[in-house]
Amino acid sequence: MKFDELYKKLALAVVNGDREKAVAAAKMDGADAGQLDCLLNPDAHAPVWRLENCTCRPEEAGCTDACFFGAIERDEKGNVTINAAKCVGCEECIRRCKEKKLTESRDILPAMAAVRASDAPVYALIAPAFVSQFSPDVTPGKLRGAFKKLGFAGMVEVAVFADILTLKEALEFDKNVVDNKDFHLTSCCCPIWIAMIRKLYGTLVPHVPGAVSPMIACARTVKKLHPDAKTVFVGPCIAKKSEAKEPDLKGDVDFVLTFAEMRDIFDFANVDPAVMPDDEKEHSSRAGRIYARAGGVSEAVCSTVKKLSPSREIDVRPRCAAGVAQCKAMIDDLLSGKCSENFFEGMGCIGGCVGGPKALVDRETGRANVDAYGDSSPYPTPADNPYVIELLSRLGLNTVESLLEDNELFTRKF
């Protein structure tokens with residue numbers, strides 16, 4: 001049984017509540033044991049899977065040189081193996097595999113099994129890049145209705161937590177960069193960017209503020225407010241699957257699905273988000289919504305710094321890089337003293353999250369959609385957003401400045 005056939009049969013079964021029967025049938029049909037284990041237990045594997053043995057010679061393989069993080073290794077038979085501790089899910093090896101024997105992790109089976117269980121509510125955490133990914137007719141409210149139709153307890157826009165992290169980064173910038181003439185490497189959003197700094201450019205770690213990503217902040221907040229809940233992040237890349245498994249973050253996000261996986265789920269369940277009733281709730285600012293495209297984090301933090309300190313002369317000089325090659329060039333320039341900027345934003349995908357490998361629309365369309373959604377917000381920055389202030393109060397943070405303190409929801413020790 002080919003992998004795609006096995007995946008579709010099992011995913012269709014779990015979406016419709018027939019998981020155990022389908023697994024037993026797959027075993028009877030001679031499904032590959034390794035592929036079956038990957039689908040049933042994706043958390044035990046790297047975010048990239050090898051489907052079959054390699055037949056190309058190592059010196060001809062495109063995957064090995066493609067991995068910037070050294071995660072591609074070879075076993076005694078010459079087959080590619082993925083070092084889970086090193087793989088960050090950039091997916092470049094999948095694109096370079098000439099024989100198409102590498103694929104991304106598929107987490108539908110355990111995620112939808114959790115949704116189908118009745119013992120705990122499951123919340124979908126939707127990435128800021130979601131706008132019009134499933135169809136131009138799918139509004140945020142209709143998408144929320146589609147998740148509820150599947151059995152999710154609700155859908156939360158991660159952009160709200162991009163708002164909160166923007167406030168934190170703006171305060172960090174004001175405190176550390178302006179007062180101490182330092183520079184700031186943004187810590188929000190992209191796990192590939194953070195992995196580059198931590199694993200390859202460790203001397204720069206002190207310039208990264210101790211903040212989690214919006215995905216982690218959202219998941220932790222949901223579990224703070226609903227202690228028995230489970231969380232499923234849905235976004236355009238597989239790098240988030242790797243981030244969710246990091247030792248200090250493990251357990252915050254229970255499952256990570258890509259937009260492509262979510263589209264499959266809607267198809268298998270015969271749920272069309274475009275015809276769902278609108279269920280509008282979110283209150284994110286423009287700043288949080290534009291995190292999904294290159295330059296969005298810089299723009300959000302710059303506008304928020306100015307909003308928080310309108311009477312103070314603060315010179316925010318951002319530089320942005322999108323794609324691993326651009327990020328590396330920017331860091332090399334920084335280390336060689338060629339940079340005059342003091343705020344550096346890196347994103348692992350060209351175009352930012354809207355250019356992620358599992359986005360469902362092209363990155364230029366995605367960027368335009370994100371910008372339009374951002375412009376539709378009544379709040380330009382999180383400092384203008386009363387919902388964010390109210391949410392922080394519910395979490396015991398009674399002033400914006402309290403975000404500078406260590407707390408269990410938004411702080412990370414690098």
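A: Start with α1 and α12: their crossing is right-handed. The model is predicted, so local features need pLDDT of at least 70 and side-chain atom pairs count only at pLDDT 80 or more, while totals for chains, interfaces and linings use all residues. Residues are numbered from 1 along each chain as its sequence is written, and side-chain values use heavy atoms, without hydrogens and water.

Q: What makes the crossing of α1 and α12 right-handed?
A: α1 and α12 fall in the right-handed class. Helix α1 covers residues 3-15, and helix α12 covers residues 259-268. Helices here are DSSP runs (H or I, at least four residues), and strands are E runs of at least two, numbered from the N terminus. The two axes come within 9 Å and cross at roughly 65 degrees. Axes are lines fitted to C-alpha atoms, for helices over the stretch in contact, with angles from 0 to 180 degrees between N-to-C directions.

Q: How do you know which residues make the contact of α1 with α12?
A: Contact means heavy atoms within 4.5 Å. Tyr7, Lys8, Ala11, Leu12 and Val15 of α1 and Glu261, Asp264, Ile265 and Phe268 of α12 make it. By class, six are nonpolar, none polar and three charged. Nonpolar covers Ala, Val, Leu, Ile, Met, Phe, Trp, Tyr, Cys and Pro; charged covers Asp, Glu, Lys and Arg; the others, Gly among them, are polar.

Q: Why are α1 and α3 called oblique to each other?
A: Their axes cross at roughly 40 degrees and come within 11 Å. Under 35 degrees counts as roughly parallel, over 145 as roughly antiparallel, 65 to 115 as roughly perpendicular, and the rest as oblique. Therefore α1 and α3 are oblique. Phe3, Leu6, Tyr7 and Leu10 in α1 meet Gln35, Leu36 and Leu39 in α3. That contact has six nonpolar, one polar and no charged residues.

Q: What makes α9 oblique to α15?
A: Helix α9 (residues 191-200) and helix α15 (residues 324-335) pack at about 40 degrees, with axes 11 Å apart. That angle makes α9 oblique to α15. Their crossing is right-handed. The contact residues are Ile192, Trp193, Met196 and Ile197 of α9 and Val324, Cys327, Lys328, Met330 and Ile331 of α15. They divide into eight nonpolar, no polar and one charged.

Q: What lines the largest pocket?
A: Lining residues have an atom within 4 Å of a point. The pocket has 18 of them, with Tyr123, Met155, Val156, His226 and Tyr387 nearest its centre. By class, ten are nonpolar, three polar and five charged.

Terms used
A crossing is left-handed if the near helix is turned anticlockwise from the far one by less than a right angle, and right-handed if clockwise. On a 1 Å grid over the protein atoms alone, a cavity is a set of points where a 1.4 Å probe fits but cannot get out, and a pocket is an open set with protein on both sides within 12 Å along at least five of seven lines; lining residues have an atom within 4 Å of a point.
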